[in-house]
Amino acid sequence: MTGLSTILIVVGLFLAGGVYSFKKQKMPKGPVVLLAGASAMCLVAGVMRIQGIWG
C-alpha cells in the first residue's frame, strides 16, 4: 500500500464520518451530498491505486 492510497482512504473515511454526523444533526441536504460525493471519490481512488488500476 502506498502513502497516497493510505491518505486517500483515511480522508474518505473521515468524510464518511462527516456525512454520518451531518445526517444525524439533520443538516441541510446540500453539504451532506457534497461530503458523500467527496468521500466516495476518495475511497474509490484509494482502492484503485491499491489495485494498480490508477497511478
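**Entry 1. Contacts.** I looked up contacts (heavy atoms within 4.5 Å) and found that residues 24 or more positions apart account for 63% of those in the protein with a separation of 6 or more.

**Entry 2. The model.** I noted that this is a predicted model, in which local features need pLDDT of at least 70 and side-chain atom pairs count only at pLDDT 80 or more, while totals for chains, interfaces and linings use all residues. Residues are numbered from 1 along each chain as its sequence is written, and side-chain values use heavy atoms, with hydrogens and water left out.

**Entry 3. Overall form.** I recorded 2 helices and 0 strands; these are DSSP runs, numbered from the N terminus (helices: H or I, at least four residues; strands: E, at least two). Along the principal axes, the C-alpha atoms fill a box of roughly 40 × 15 × 10 Å.

**Entry 4. Helix 2.** I checked the length of helix 2, residues 29–51. Its 23 residues should span 33 Å at 1.5 Å a residue, and its end C-alpha atoms are 33 Å apart, which agrees; the expected span is 1.5 Å times one less than the number of residues. After helix 2 comes G52, with a positive phi near 85 degrees.

**Entry 5. Burial.** In the protein, buried residues make up 24% of the 55 residues.

**Entry 6. Annotation.** I found that an unreviewed UniProt entry annotates residues 31–50 as "transmembrane region"; such annotations may be inferred rather than shown by experiment. In the model this span is 100% helix, and its end C-alpha atoms lie 29 Å apart.

Conventions. Buried < 20%, exposed > 50% of the residue type's maximum accessible area, 1.4 Å probe, protein only.
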